[in-house]
Amino acid sequence: MVVSKHALLRVFALAVILVGAAWQAVHAQDSATQHASGTCARSAFRVLIDVGHTATSPGADSARGVPEYEFNLKLADVIAQSLREAGFDKSFRLITSGGKLPSLFQRVASANNLHADLLISVHHDSVPDNLKEAWQYEGKKNYYSDRFSGYAIFVSNDNADRAGSLEFGHSLGQELQKRGLHYTPHYTLPLMGRYRHELVDAEAGVYRYDHLIVLHSTRMPAVLLEAGSIVNRQEEVDVATPEHRVMIGEAVTAAVEDFCARREQAVAGQPPARNPASVAITGPSRGIRPASLSRHKRIHAAKT
């Protein structure tokens with residue numbers, strides 16, 4: 001059979017068009033799949049890891065007399081490194097200096113000026129003084145409480161993005177639990193008095209604490225992580241190990257990945273791949289006031 005030159009050209013042109021259309025369809029499908037699976041522009045997502053307290057206002061003392069600030073600084077280093085290794089190149093530690101109140105306003109101003117997408121304030125927990133017992137460690141009198149252990153996550157109802165704060169807190173709690181950690185329930189107990197807090201996410205261990213400056217005055221989603229109790233003698237040993245810090249760093253990184261992907265989906269107008277637990281931050285709670293009169297954080301109300 002003899003085929004004309006023009007017919008061959010038409011067949012070739014049609015083949016090119018069909019191949020191009022097929023490639024575009026595959027590309028569009030890949031793009032849709034990428035968004036559906038939760039893509040995240042990691043290199044553009046700015047995470048600030050706030051190192052709780054300062055060198056001159058170091059927070060609580062551990063059961064063995066180590067200032068909380070030392071625990072916070074070392075864990076923040078590991079978290080920042082883990083995030084950068086995962087592609088979150090704009091992850092930075094936020095270190096402030098000076099006294100308690102000036103440093104609080106300084107860190108909030110820094111976070112807002114840097115236009116962070118997420119702030120994570122790193123702390124280690126204690127209990128009110130009346131719950132502590134005295135003991136001798138290396139010839140010195142120290143104070144401990146072995147009654148409670150575990151992490152705690154705090155969010156503020158007054159944060160500019162309270163829904164985002166709660167969403168990230170939920171993801172973080174789930175990731176910590178996947179690695180065998182548990183949250184402490186003692187903030188719900190009557191014995192905590194004025195330091196008692198509403199548990200707004202019983203699945204993930206997220207509490208509400210409206211009066212923390214670093215949470216309510218920042219213009220981005222913000223959570224405060226109590227990574228463990230340093231007045232619990234065994235947990236103090238555990239949280240000080242490199243392996244434990246790496247584990248928490250991995251949990252934080254996984255939670256940031258999930259949160260960033262959800263934000264990308266929201267911008268793209270797509271529903272989240274999965275919904276977090278049905279939880280809500282309610283209106284102001286009666287009887288919850290800033291803990292400004294006790295040394296228990298210096299642990300909480302100021303949370304430097």
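Predicted model: local features only at pLDDT ≥ 70, side-chain atom pairs only at ≥ 80, totals over all residues.
**Helix α2**

Begin by selecting residues 68-85, which form helix α2.

Within α2, next display the side chains of E68, Y69, F71, N72, L75, A76, I79, A80, S82 and L83, each of which is buried. Turn the view to look down the axis of α2: the buried residues fall within an arc of 160°, and therefore line one face of the helix.

Then move on to G87, which follows α2 and has a positive phi, near 100°.

**The largest nonpolar core**

The next selection is F154, F168, L172, L176 and V256. These residues have the most contacts inside the largest nonpolar core, a set of 59 residues. To see where the largest share of this core comes from, select residues 242-267: this is helix α7, which supplies 7 residues.

Centre the view on F168 and set aside its neighbours within four places in sequence. The remaining contacts of F168 are with L118, I120, V223, A255, V256 and F259.

**E226 in strand β9**

Finally, select residues 222-229, which make up strand β9, and locate E226 in that strand. Is E226 buried or exposed? Its relative accessible area is 0%, under the 20% cut-off, so E226 counts as buried.

Note on methods: Residues numbered from 1 in each chain as written. Heavy atoms only, no water. Helix = DSSP H or I, 4+ residues; strand = E, 2+ residues; numbered from the N terminus. Buried < 20%, exposed > 50% of the residue type's maximum accessible area, 1.4 Å probe, protein only. Core = buried A, V, L, I, M, F, W, Y, C linked by side-chain atoms within 4.5 Å. Contact = heavy atoms within 4.5 Å. Expected span 1.5 Å × (residues − 1). Arc of directions from axis to C-beta.
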